[in-house]
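Visitor: Hello! Could you walk me through this model, one question at a time?

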Amino acid sequence: MRAIETITGRVSVLNRDDVDTDQIIPKQFLKRIERTGFGEFLFYDWAKEPGWDLPSNPILVAGRNFGCGSSREHAPWALEDYGFRAIIAPSFADIFRSNCTKIGLLPVQLDAETCASIADAGEAQVDLAGQEVRWPGGTAGFEIDPDIKHRLLNGLDDIALTLAEDEAITAYERSRERPGPVTTAI
C-alpha cells in the first residue's frame, strides 16, 4: 500500500448523508477478490442519474454516516481505484473506516460546517503527519489513532506489519521447539 504524508488537490463533493456500501459499490460487482478494477462501478446506480458528475479527484467530501451498511471491503477498494486518497466527512461507519485505513485510504472526520466550507473551496490539502486539513479560507485539525497514523505514514498493510515482527516470531517459534523426536502416548 502507498504511504500517505500529504494529499493535495481538487475535491469531489458527494453531498448525501447515510451513503451505504451497497450504494458505493452494488452487490453485483462483488464477484472478484482482487482489489483493482472496481472504480468504474463506483456509485453505479447514481451514475445513471441525469446530471451526475463526480470527478476523479484525490479528495472526496461526503455527508454524514458515510460507508454505513454492510462491511464489504469492496467499497474502499472502489473508492481508491476511482482515484480518491482521502475522504472527509462528518462521520463514518466504524467498519468502513477500518477497511479504508487497511488499504491506504484516509478517512478524516470533521464537522458538517467545515466539510461544507472545504466543498465550497473546491480544493484542499490533507496533512496526515500534522493532522491538519488546509483549504483556501481555513484550517482544521483532525484526530487519528496513533497506530493507524503510523501504518498510513509508512504504507504498512497487515502483511507488512506482520513481516516487521519476523525476528520476534522466529525467536518465539524457536523457543517452542522441542529436542528429539515427537512421540504420542498410546
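Visitor: Which are the buried residues of α4?

Guide: Happy to start there. This is a predicted model, in which local features need pLDDT of at least 70, side-chain atom pairs count only at pLDDT 80 or more, and totals for chains, interfaces and linings use all residues. Residues are numbered from 1 along each chain as its sequence is written, and side-chain values use heavy atoms, with hydrogens and water left out. Helices are DSSP runs of H or I with at least four residues, strands are E runs of at least two, and both are numbered from the N terminus; buried means under 20% relative accessible area, exposed over 50%, and partly exposed in between, with a 1.4 Å probe and protein chains only. By that rule, the buried residues of α4 are Thr-114, Cys-115 and Ile-118.

Visitor: Within what arc do the buried residues of α4 fall, seen down the axis?

Guide: An α-helix has 3.6 residues a turn, so residues three or four places apart point the same way. The arc is taken from the directions from the helix axis to the C-beta atoms. The buried residues of α4 line one face of the helix, because they fall within an arc of 100°.

Visitor: Which exposed residues does the face of α4 turned away from its buried side carry?

Guide: One of them is Glu-113, in helix α4 (residues 112-121). Glu-113 is exposed, with a relative accessible area of 69%. The face turned away from the buried side of α4 carries Glu-113 and Asp-120.

Visitor: Which strands are included in what covers the buried residues of α4?

Guide: Contact here means heavy atoms within 4.5 Å. The cover includes β1 (6-14), β2 (59-62), β3 (86-89), β5 (123-127), β6 (132-135) and β7 (138-141).

Visitor: Which residue caps the N-terminal end of α4?

Guide: A polar contact is a pair of N or O atoms within 3.5 Å; within protein, one must be able to donate a hydrogen and the other to accept it, and residues adjacent in sequence count only if both atoms are side-chain atoms. At the N-terminal end of α4, a side-chain oxygen lies 3.1 Å from the backbone nitrogen of Glu-113. The capping residue that supplies this oxygen is Asp-111.

Visitor: How many disulfides does a search of the whole structure find?

Guide: A disulfide is a pair of cysteine sulfur atoms within 2.5 Å. The sulfur of Cys-68 is too far for a bond, because the closest cysteine sulfur, in Cys-100, is 13 Å away. Cys-115 is in no disulfide either, with the sulfur of Cys-100 nearest at 14 Å. The search finds zero.

Visitor: Which are the buried residues of helix α5, and what arc do they cover?

Guide: In helix α5 (residues 146-154), the buried residues are Lys-149, Arg-151 and Leu-152. They sit on the same side of α5, because around the axis they cover an arc of only 160°.

Visitor: Which residue caps the N-terminal end of α5?

Guide: The face of α5 turned away from its buried side carries the exposed residues Pro-146 and Asp-147. The backbone nitrogen of Asp-147 has a side-chain oxygen of the capping residue at 2.9 Å. That capping residue is Asp-145.

Visitor: Is Asn-57 buried or exposed?

Guide: Asn-57 is found in the loop between α1 (21-24) and β2. Its side chain reaches the backbone oxygen of Val-11 at 3.4 Å. With a relative accessible area of 14%, Asn-57 is buried.

Visitor: What is the phi of Asp-18?

Guide: Most residues other than glycine have a negative phi, and most peptide bonds are trans. Asp-18, in the loop between β1 and α1, has a positive value, near 55°.

Visitor: What radius of gyration does the protein chain have?

Guide: The radius is taken over C-alpha atoms, and the globule rule is 2.2 Å times the number of residues to the power 0.38. The C-alpha trace spans about 75 × 40 × 20 Å along its principal axes. A compact globule of 186 residues would be near 16 Å, but the protein chain has 20 Å.
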